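Please look over the sequence and the structure shown here before reading on.

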4 protein chains.
Amino acid sequence: MKVGIIGASGYTGSELLRLLSGHPEAEVSYLTAHTYAGSRVADLYPHLSPLGDMVFSAFRPEEALQRADLFFVALPHGESMQVVPSLLEGEARVIDLSADYRLKDPRLYASWYGKEHGSPHLLEEAAYGLPEFFAADITAARLVAVPGCYPTAALLALGPLAEAGLLGGCIVDAKSGVSGAGRTLSLNAHFAQADESVKPYGVGGHRHTPEMESVLSLLRGSETRVVFTPHLVPMSRGILATCYVEVDEGLSPRRVDEIFRERYASSPFVIALGEGRFPETKNVAGSNFCHLGWHLDEERGVLVVASAIDNLVKGASGQAVQCMNIMQGWEETAGLEALGLFP
Amino acid sequence: MKVGIIGASGYTGSELLRLLSGHPEAEVSYLTAHTYAGSRVADLYPHLSPLGDMVFSAFRPEEALQRADLFFVALPHGESMQVVPSLLEGEARVIDLSADYRLKDPRLYASWYGKEHGSPHLLEEAAYGLPEFFAADITAARLVAVPGCYPTAALLALGPLAEAGLLGGCIVDAKSGVSGAGRTLSLNAHFAQADESVKPYGVGGHRHTPEMESVLSLLRGSETRVVFTPHLVPMSRGILATCYVEVDEGLSPRRVDEIFRERYASSPFVIALGEGRFPETKNVAGSNFCHLGWHLDEERGVLVVASAIDNLVKGASGQAVQCMNIMQGWEETAGLEALGLFP
Amino acid sequence: MKVGIIGASGYTGSELLRLLSGHPEAEVSYLTAHTYAGSRVADLYPHLSPLGDMVFSAFRPEEALQRADLFFVALPHGESMQVVPSLLEGEARVIDLSADYRLKDPRLYASWYGKEHGSPHLLEEAAYGLPEFFAADITAARLVAVPGCYPTAALLALGPLAEAGLLGGCIVDAKSGVSGAGRTLSLNAHFAQADESVKPYGVGGHRHTPEMESVLSLLRGSETRVVFTPHLVPMSRGILATCYVEVDEGLSPRRVDEIFRERYASSPFVIALGEGRFPETKNVAGSNFCHLGWHLDEERGVLVVASAIDNLVKGASGQAVQCMNIMQGWEETAGLEALGLFP
Amino acid sequence: MKVGIIGASGYTGSELLRLLSGHPEAEVSYLTAHTYAGSRVADLYPHLSPLGDMVFSAFRPEEALQRADLFFVALPHGESMQVVPSLLEGEARVIDLSADYRLKDPRLYASWYGKEHGSPHLLEEAAYGLPEFFAADITAARLVAVPGCYPTAALLALGPLAEAGLLGGCIVDAKSGVSGAGRTLSLNAHFAQADESVKPYGVGGHRHTPEMESVLSLLRGSETRVVFTPHLVPMSRGILATCYVEVDEGLSPRRVDEIFRERYASSPFVIALGEGRFPETKNVAGSNFCHLGWHLDEERGVLVVASAIDNLVKGASGQAVQCMNIMQGWEETAGLEALGLFP
């Protein structure tokens, strides 16, 4: 099948190219980039040299629809919703990696993203692309909104607890590699500033908060608040989400183990390490895996769950490919077999 | 004044040498190292070459007492308590950087450190060397127990809240550079394993937990529990402690600001950045400063306070020198004026 | 085909497991580790968890020969030569990743490795496993000696010049990630020592010097000396070899371009970037590719050639798999299609 | 004495503020920044918070001359020469950290920097601010041109050999931390691009080449060519210059030792480690020291000398302060006593 990538010059775009180069069913037949239209992919990304002389095009809807049947849209939020409707009208399937179709409520979108939503009628229809929880929606969808990197990490840790009725309020303390800031230059992502330093950012106001809260509220069946603090860590890739959940007396370590192991027994990409065995981001680098570990502090009434993913793979492009596989009825792991690159 | 360093070959020892080289009142006249007795300091630590031909001695109590009047003991816990009593008997003052005299209760020590305390009679007497809270004790003390690196970071963030009656249970999610593991080789501190990775460790069982709980309980006046999760982050130096405190409705950002600014108005090393301004470890690297920032999430009822220190300076050797300055009645900042090494 | 890995608990062993997990023809049926015999692979290497419940065995020659037909030997030098002869006698094919069979002259081995060679009769027979130069030897070989990581990087840069008669004496200034030091703990590879630092090591005495000199002498047809200085760089993976070659007046940039492009026109893993376009290690991380760039400084009479590889892949385990593919007549790139993991 | 910093918002400016904060004689009374005029220093650089409420001014020559007697000019090349003449006319002494007054020949400047020099009459007068070689010039100078970071590292390694008549052509392979690229955003200095990667850049065309060649030619007394290849290394600070010099038969290791030890016997900041003992950048981080080590490969006729400095201290702001000390007749080490920050 021919697939297109709209906005292919950023890191999620280059990751899609990397991952799809090994996909048995899909072939990239169209790729666009605004600033770099006309440039060779290999000039921008020498690691993609082996893919040959691919060149970024300028996006034109008609051309796009002629050249591919399914599109990954890797544009910044706000730009994505200007492109997606025309692709859907052309009967293409769309997997959007931006934030534009993740929230169901257009008012929530407006309040967190500072602009009115351009196609609010599509919000309800869009499937939330977290296959471990919404595979059925994804299978049937014309439009899939790939979750944010932080929500992916947090929801894989907290989702099973929400479903099991064990989740009240919770705290998500997340640590991300700097590639999460994308390829756009900024002082935050300037080497000499970010190297050898850890810092919180966006405290109390990060846009992934409403996304986590919405999905957890849905899974749990009642409104759920999340205190979310993201941190920048001096590494390129990886997110570790350390989640704190107040639990009632009587919950046992064995029960927690059961919940996670049963929940993910048939999920090919989630590995439940177990009580007292904690994940590290390096073990999932470059892969679509999520590692989960936990500890029940019975004395203090808190369950600590940590999850590790690669923010650009399971947190973005890999998950997008996983969604495509499900939409197309292919093997869920097609093109995503790579193990973590350790050390 | 002549000072000695017992156990000078580790990182806290080398930091003491670095810091004391610029001290106007104290001079290192004696330094010991078990394994490296007879070796030149400059061979082990070429950055200390400008200090000239210092050589590590083997520790001998009588010689020690002849050659110095105040001692920094930078031995591993368990070894420190074998040395400290003899130094005190010799009428020296002692600043111990190990964990041996931090806890008041010998049973707590035994349960967390796995051995009986060798000199329990000294526990009550030992001052807890966190000058921002215990300066009076330190001034009068023969024996000061320098706090652990994590407790230093956490207590500077949480202490003012405990004193102000605003602290209930709390969560401390801390991120540390790898030098915290010391100079002893381990897989955790092996470059290829630690680089480009974040991971929690010691979850639910880190020995700094009872230390934090004891001091917070004391400051608050009632028993306080801390859920503490340390993480290893791929950098050499620095600790960031992100602390989560449930607060009552009605607390205002202005009140929080007041608490921190007033509390630290006369503390030369604590810089209260303010609401919404968060610290980063790089800004305090190599310095004895602590940077503090906070955000009150009124909607979710949680106050987030983050503090950043250099684990080897304010978290160990710098704080030890600060304690010495207070004990001796010198300028509190003597030898500690260096600013953070940024970028 | 069933393959075995002898000495699978080090980084080259774990890389073999990672790479072979995606190989279409070979299956790992036997893996040994001395210290970790009986341990689960996933406990040592959580990134390999998806491979299931593999367990390290203790090496026993008869069992090995029953369970596999081709062996990768990933033991330290000196140990390898104790194992290889018995495997060859059992009619297995052997790909040795140690230094034991790289040098043809047993006296050279003795002088650089400090011990007599245990099976000098095999030295002449062993093929040098650099497929870009010795594919014919590899095809026919029972025993292949996979080149060292530094020689791989240097020879891919200098080999074409040696063949073209353009090489006199040369200087190889190489920069390596710390994983090159292996999984064995050492102060050199201790995070806090290696992080944020660059240093030369083994200057004038690194064992890869005679390997480079031997192969370049062979390719050039006369004795060739190499001044080789390796450096440790604070990253996990990657080698950059910057090579300096004195050249005669009259050599043109165009001729240099021709030499490299023609030489590697049919090499699937060597990418000649061209004059003035220089490689960076990150573009080949996790992949079997080598990127090459050069600049002819006509005024100063020096040709600078730089090559970048992943020390654990093209510099070790990936090259070993490439050799296996050639030995078995499979597609040279089988199992090695992964692109560099950038960023 | 009151000193001013023109262009204080970059990294060399912030380093000057850091270093001068501990200087016993000089006080910063004036500091300017174009883009940040009106901003608080502590907002841009929180590590400088302890310096209090300093604010960047816009540069005005008259005001500058009223408020200070000596100026550090930390502007980009090309801008510096627009400011320096007016300061000199106002009878101030000037220490320029840009490249504008480093080359004596205005044609060389024009060809390498792509513009005509604006005040060529000052080139001859300007002292080259490498105190280890030009202290007399510096003492007497109105205008000092602080050397580039790479030339500082290379000249401290090669200068003694040039003076001793042992230098022919030479190769300088240098590795720099990313702070060398300054605070200005660029893809080269973007964390996710630079992290975990080494790469050469500016090969054959770096502007520090003519600077090295000019000074070495001067020291040696005849024209000298340098092949210079700078590399970016994933660390914030530090330069390691590995220098290769062809030497005649008959030179002995002892003679090399003598040359370096004698040459630097009275240089407080250069530490000659000796034959076979090589420097690492971390040992000089944050300090004004230079560590030197060497190895004479008698068999191959090459002397390898490596030097390590902190690019922002000895390679820029520290050296500027050292020059000021010499110009003013103060202790050469005033304000520069800090040891390297290791680990």
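How many bridges join strand β3 of chain A to β4(A)? Strand β3 (residues 70-73) of chain A and β4(A) run parallel and are joined by 4 bridges, where pairing requires that DSSP finds at least two bridges between two strands, and strands (E, at least two residues) and helices (H or I, at least four) are DSSP runs numbered from the N terminus. The model is predicted, so that local features need pLDDT of at least 70 and side-chain atom pairs count only at pLDDT 80 or more, while totals for chains, interfaces and linings use all residues. Residues are numbered from 1 along each chain as its sequence is written, and chains are lettered from A and ligands numbered from 1 in the order in which they are written.

Within this pairing, L70(A) has R93(A) of β4(A) as its bridge partner. On its other pairing, β4(A) runs parallel to strand β6 (residues 143-145) of chain A through 3 bridges, with D96(A) partnered by A145(A).

In a regular strand the side chains alternate between the two faces of the sheet. In β4 (residues 93-96) of chain A, R93(A) and I95(A) on one side and V94(A) and D96(A) on the other are all buried (20 or more other C-beta atoms within 10 Å of a residue's own, C-beta atoms being placed from the backbone).

In chain D, helix α7 (residues 149-163) and helix α11 (residues 313-328) pack at about 100 degrees with axes 8 Å apart, the axes being lines fitted to C-alpha atoms over the stretch in contact, and angles running from 0 to 180 degrees between N-to-C directions. α7(D) and α11(D) are therefore roughly perpendicular (65 to 115 degrees).

How values were computed. Buried ≥ 20, exposed ≤ 12 C-beta atoms within 10 Å, placed from the backbone. Parallel < 35°, antiparallel > 145°, perpendicular 65-115°, else oblique.
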